[in-house]
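Here is a short briefing to read with the structure open beside you. Please have a look at the picture before you go through the notes.

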Amino acid sequence: MYKTILLILFLIVSCLLQHISHELLHIFVGKKIGLSINKIQWFTYHGGTKVFFDGEEQILESDRDIPKEWIYMNLAGIIGTTILAYMFCVLYFLLGVGYLKLFIWELAMIFLLTDSSYALVCSFGNCGDFYLVNKKFNRKNLLRCLSVLIFIFNCTMSFIICKYQ
């Protein structure tokens, strides 16, 4: 019973860390490249979080060229959490048996599968973090292929890690 509760606790913490780090990456990159934040709705925007940047409505509705800063900010969450996922995988293999390794395993699983799944949905649904990317480059098939490949790679990584769990 103790291990089950611990696994559930690790799962909840891992999910929260993934979600928060994804949004913090949008915020960090957005601020770094000069975008101003209007407000942030943590965990209250359709069950998730939404960072509202100044001028976002005009960018979303515009048919003109999307500034590269907006593309960088949009991609920051998915790319950043994917890099973190790979770092957790490496850390997992470096750790000895114990609860820390179990926690890192759950972090790796959540980070590997969550944003790669989200990227897959966004690339085919033309929504979310890929909406502006699709609008800017109009290469939906390339983005879809990359999303499928990353999803397959991340699923493979998760199977490899599960094999050693």
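The model is a predicted one, so please read the values as computed from it.

**Helix α6**
- Helix α6 runs over residues 140–163 and has 24 residues.
- From its first C-alpha to its last, α6 reaches 34 Å, close to the 34 Å expected at 1.5 Å a residue.
- The buried residues in α6 are Leu 143, Ser 147, Asn 154, Cys 155, Met 157, Ser 158 and Ile 161.
- Their cover includes α3 (68–94), α4 (99–125) and α5 (131–137).

- You will find Leu 112 in helix α4.
- Leu 112 counts as buried because its relative accessibility is 0%, and buried means under 20%.
- Among the residues Leu 112 touches are Asn 154, Met 157, Ser 158 and Ile 161, which are also listed as buried in α6.
- Leu 112 also touches Ala 85, Tyr 86 and Cys 89.
- Tyr 86 and Leu 112 are 26 residues apart in sequence, and their C-alpha atoms are 7.5 Å apart in space.

**Gln 18, in α1**
- Gln 18 belongs to helix α1, which covers residues 2–32.
- Is Gln 18 buried or exposed? Gln 18 is buried, because its relative accessible area is 5%, and the cut-off for buried is under 20%.
- Leaving aside residues up to four places away in sequence, Gln 18 touches Thr 81, Ile 110, Phe 111, Thr 114 and Asp 115.

How values were computed: Residues are numbered from 1 along each chain as its sequence is written. This is a predicted model: local features need pLDDT of at least 70, side-chain atom pairs count only at pLDDT 80 or more; totals for chains, interfaces and linings use all residues. Side-chain values use heavy atoms; hydrogens and water are left out. Helices (H or I, at least four residues) and strands (E, at least two) are DSSP runs, numbered from the N terminus. The expected span of a helix is 1.5 Å times one less than its number of residues. Buried means under 20% relative accessible area, exposed over 50%, partly exposed in between (1.4 Å probe, protein chains only). Contact means heavy atoms within 4.5 Å.
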